Every structure is written in structure tokens, then in C-alpha cells.
Amino acid sequence: MATFLYRLGRWAFDRRKLVTLLWVAVLAVGGVLAAKAPAAPADAFSIPGTEAQKAFDLMNQRFPGGHADGAQARIVFVAPDGQKVTAEANQQAVQKTVGELAHAPEVTGAVDPFQAHTVSQDGTTAYATVTYSAKAGELSKEATAALEQAAQHGRDAGLKVEMGGTALASHGEEGGSSEAIGMALSAVVLVITFGSLVAAGLPLLTAVVGVGLGMALITALGSTLGLSATTGTLAMMLGLAVGIDYALFIISRYRAELAEGRAPREAAGRAVGTAGSAVVFAGLTVVIALAGLSVVGIPILSKMGLAAAGTVVIAVLVALTLVPALLGFIGRKALPRKERRAAADSTRPAGGDNGGARWARFVLRRPLLVLIGGVIGLGVIAAPALDLRLGLPGDEAKPTSTTERRAYDLLSQGFGPGFNGPLTVVVDAKGAPDPKAAAEQVSKTVSGLPGVVAVAPPVFNPAGDTALVNAIPATGPAEAKTTDLVRAIRDDAAGLKSTTGATVLVTGTTAMNIDVSQKLSDALVPYLAVVVGLAIVLLLLVFRSVLVPLKAAVGFLLSVAAALGAVVAIFQWGWLAGLIGVDQTGPVMSMMPIFMVGVVFGLAMDYEVFLVTRIREAYVHGESPSEAIVTGFRHNARVVTAAALIMIAVFSGFIGMNEPMIKMMGLGLAAAVAFDAFVVRMALVPAVLALLGRRAWWLPKKLDQVLPDIDVEGSKLQAADAEPAADRTPATV
């Protein structure tokens, strides 16, 4: 592996113009394909195999033209203070607004609240439901403009008008400012790390190339593979983070080789041969973790994972080819001016102590104390995760500055929180002897359950064999009592089947969210087994050790637990929530645990591979276990710290977004990287290696004979210097 990558690095260095032009051409082709590609579809959220999805599919089948999957808007009208919405002038304003919407583009129905009896008991609030033929996120600009215009007309008449529902899903938030913030902070970290503007600019440039190509391909293939705009969110996050980090790893090693007196061409080859090997295996762990999201069985999550995995593969290829090619253009300018003259002296010592070496020696003097302190500290931070409640945040989690959140609050005040999450009970009475009696019995049973405040009369399809019964819970869609109510209805379904012959299914947004949370919870353990198992095998090949991969996996679990604890404390308990713009606490997004397991595991292994391979490299080349730890930290602690700060900067940029899911993802990933890099990898790893000593690198003889020697440490490069002595003279590049 190291020899092949060494040759690849020298080849890219020698043919830097060709390699650079090829990448520019590929990026240009990707951009053209993206520009000419049809528009990406909207998010088609489905959870195959769940009851809510089965009921939803049955509704589409039995109610033709009903547009069960169409977008909906809920318009909430509130009369001015001291007035009733039922007053003649206010009533006329409401009816005029609803009538205007009834004739708007793509609208299939707009229900007058006075005919539908959706007026609050105190007469101050009313709401109208508008249904569309287009799916959420696919509404035309004309349709959304008509919706906003009608609402404004209601406001002009003196009413307070707010809107909620899936029809507003097309109003996505631009994330460009978030990426810009992350890039700016990354640039500052790189300048401080390298002390050279030229060297600092390279990782940013190559990351932009990799992310640009990845996002162009996602856009180009969006229509063919069903990749929506949301699919690229994770790819953008990770593409920037790992793209900068992988280039940082190789450039850092290149600078170290220059500092030891090697010529730029040789330094580039060795950097790609050694640090490049770590990049390959670090990238493989990320790809395994992301591709493993497919085992969950939720299509949108699978697509997000595979799209992000593809972007990571591109980042690895960029690091192995474009980075050494660009190093060929800058040569020794990768070093600050003061270090260039010193680098020309190949006889100077490799370097003395620095902050990394001093920290490693500190840990070596008291490894048990550092280990216990780190574990206890992470355990305390992880404690809130024991109170983890999962759900899918809705309008209630959005900032109060949004009309969706204001509509949610007004509806809760006027009718009760349950009106924001009605349940749809589907009565499949196709085989029942008396479908109408069956539907009436279901309606009666549901209305008698605790926690139900209202049940609408059954609505039958044209064939008369399927009915819909809408039930309003007493509690909000994200509350635990609502989940209990859904389960109670489903528990009664078997008894209703035996007495009426009808099959009862519960669906609706609230039921969908409950089923998603359950499906994700059920998939977490199998996913962990698949991802961690494959990664341990991969790390076994890299480190040729049994204990080091196990230590890496345990450390990762500590990082994820601590990050989840921080997420629960902020988003669920409300600690420091105001500092990051969290207006409403609630359950943690149901995707968060499995999402963090996948993403953070891959990122955590980046630091593990890059740091520990350098330690093993020193050990393989004859240093004692303690000396190898110090050597590894002397060379790589600074760059791992910089890489972690860059990851944190990129992810933190997304905390400022209004979308609750993106905000939670940004904070969770930033916290996980901080805990993993600065506590687990920089403290617990050297402590455990110090306590294990030579046993850390133990490998059974039979297993040693079976495993292929992939030479990640570059021992073959050390044994036989492939570069002639004449090539070690200072170059003029």
C-alpha cells in the first residue's frame, strides 16, 4: 500500500499540470451535467413496513384523486383583541381569504372553517385546511405566492393570520452562510497551524474541488436516483470537513519530510505513501459507516448516507492526486520562510519537543489518572442521555420568528395542542359484513379512549369499503401521552377485527413520526454491529493488533454517548438553549442517535488512524512503546488538533440555521468531534497505550500469518530509499 501510494504521489507531483487539468475538466463536466439535469424531486419520506406507511398507501389506493400525499396548508385566523372571529366583518374576511385560496393554482380543496365547524369555543380563532395536488416541496412558485398573498389579504382586513403545514416545506433555508462561516474559521485554523498562507490555502482549495464535484454529481443524478436537495446536506457537511482534513494530513507530512531535508518530489511521494495510507483507511471507515445507514430501511436516510459516502470517496481521491500535484507547484513554499533554509540542511536533527510531545510525556507519567478522569468526565456529560426521548420535531420546534411556529401556538391556544397532530384511523372494511357499522364501532371505540378530545364522523370512499376517522388527541404531537394513545388504538385493532371484520390502521404525521422513531430504535443495535464489526476488521489490518481496534471502538462509544448527553441537555432539557437559538425544547430527533453513530464513528476513526499509525510507525521502526507514543504525538498531535478544530468549525456553522434538524445535527457532530479528538484520542488513547505497553501491539501468530501486510507505516520505504541520493539535494521548485 505505502509503496503504491508513494509512486502515485511522485507521479502526481511530476505530472502536476496534467493532474490539475484533469480535475478541473472533471469538475467542469460535473457542473455542466448538474446545470442541464432536471430538477431534483422533493423529499419522498417513506418508512416501508410500518403500519403508518401501510395505511398511507391504502388511502392512496382506496381514495382515488384524494391526493393523500399532497401538500397541505393550515391557515389560522385570530380576531383582533376584544373581537370574535364570528363577527360579520371578520367572518367575511376569513371567507374571502379561503375563497381566494380555493381558486389558487394546484389547490384541490379549501374548507371554509364556518362550514367545517373549525372555530374555537370562545369564538376568537378559526382555521382552514387547504389541500394541494402537488407534493410537499414541489409546489410551484405561483402556488406558494398565492398562499402568501391570500394570507396577507386576511392581515390587511385586520385579522392575525399565520400558516403551517407541509405546503411550506418548499420554503427551505439556504445554507450558504453556514458553509462560509465554517470555511472562514477553517482558514484561520490552517493559517495558525501552517504559518504559511500558501500551505493554508491548499486544503481549502482542494476541499472546494471535492465538494463541488460531489454536489454537482448529486444534482446531476438527482432526478435519476431520486436524490433531493436534503440528500446533499450531509454530503456538504462531511465533504468540507474530511476534504480539508485529508489534505491537511498529507500537507503536514509533506512539510515534515521537507524539514528532514528531503527534496520536494521525494517529500510528496513519502507524504502520500505514509499519511496517504492513513487517509485511505480513514476514508474507508467513514464510507463503511455512511453506507451502513442503508441497513436502517428508511430510503431517505440510505440516500443521504450513500451520497455522503460518494463525496468522501472523492475527497480521498483528491487528497491522493490533486494535493501532491499542487504541492508540485508550491514546492518549498509550503514551509514558512524561516524554515526553508533550515530544511535545506539534511543533517539537522528531526526536531525537539513541542506541545504534543510534552503532553504525551505528561500522560505517560500518570496514565491511570488520565484514563479514569477522562472516562468519568465523559460519563458525567453522557448522563442526560439516559433521559433521551426520541421524536421528529415539527413546527413546535421552529423559532417564534417563523409563521409555522406562530400558527402552531395559535392553534394550541384556541383549540388545544392535539389539533396540531390529528390522527387518521383508516378502517379497511372491504371484507367486513357491514362496513358502515364497522366504521361506527371503530369511531365509538376510539372516542372512548383516554386522551381523545374529539372524533370526526367516518368518511367513506366512493366504493364504500374504506373509511377515514380523524381523532384529535388531548396532547401535542411530540408528547409521550400522544404516543401512548396511538399504541392504545393499535392495541384495540385486534379486538375490532374480530368483532367487526375490519382492519384498523393508524396513520398521519404523528403516527408516522412514532413509527420512524421505533424503526430507528430497532435498527440501532444491528447497525452498530455491522458498522463497528467491519471497522474493527479494517483497523485490525491497519494496526495488526487486536487490542487497538477494540480500544478505538470503546472510545468512540464514549464520544457518542457524551455528545448525545449534550444534545439532550440543550434541546430536551433546555440548558443553554437560548445561546444557540433553541426557542422550544422537546424530544431529540429520532434519527439523531443512529445518524451520530454512523457519522461520528467514521470521523473518530480518522483521528485514530492518523494518530496511531504514526505511533505504530515509530514502534515498528525500533522505538520502545513509550518513545513511540511521544514520537507520534510530536509529529501528529498538532495536526490532529487542527483537523478537529476544522471539523468543529464546519459543523458549528450549521448551528446558526433555523431548521431544528440541521441545528441539532451541527451541534451534535461538533460536540462529538470535540469529545473524541480532545478527550478520547488525545488523552485516553495514549493513556491506554501506555498501560498496555508492548501488549498493545499483540497479534496471535496464526492471525498474523493470515492477515495481508498492507504496510501502512511505510516500513518498506524506510528500509529501501527509492530516491537516489542526488535527488535529496535541495530543489528549485
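The model is predicted, with local features requiring pLDDT of at least 70 and side-chain atom pairs counted only at pLDDT 80 or more, while totals for chains, interfaces and linings use all residues. Residues are numbered from 1 along each chain as its sequence is written, and side-chain values use heavy atoms, leaving out hydrogens and water.

Helix α10 (residues 231-259) packs with helix α22 (residues 625-652) at an angle of about 165°, their axes 9 Å apart; helices here are DSSP runs (H or I, at least four residues) numbered from the N terminus, and axes are lines fitted to C-alpha atoms over the stretch in contact, with angles from 0 to 180 degrees between N-to-C directions. The two are therefore roughly antiparallel (over 145 degrees). Residues in contact (heavy atoms within 4.5 Å) include L248 and F249 of α10 and I646 and F651 of α22.

Turning to the rings, the whole structure holds nine aromatic pairs (ring centres of Phe, Tyr and Trp, its six-membered ring, within 6.5 Å; stacked if the planes are under 30 degrees apart, edge-to-face over 60, tilted for the rest). W359 and F362 are stacked, at 5.2 Å centre to centre and 25° between the planes. Y619 and W697 are also stacked, with centres 5.8 Å apart and 25° between the planes. Y619 lies in helix α21 and W697 in the loop between α23 and α24, so this pair ties together parts 78 residues apart in sequence. Both Y619 and W697 are buried (under 20% relative accessible area, 1.4 Å probe, protein chains only; exposed is over 50%, partly exposed in between).

Finally, E404 in helix α16 (residues 403-415) counts as buried at 11% relative accessibility.

Note on methods
Angles under 35 degrees count as roughly parallel, over 145 as roughly antiparallel, 65 to 115 as roughly perpendicular and the rest as oblique.
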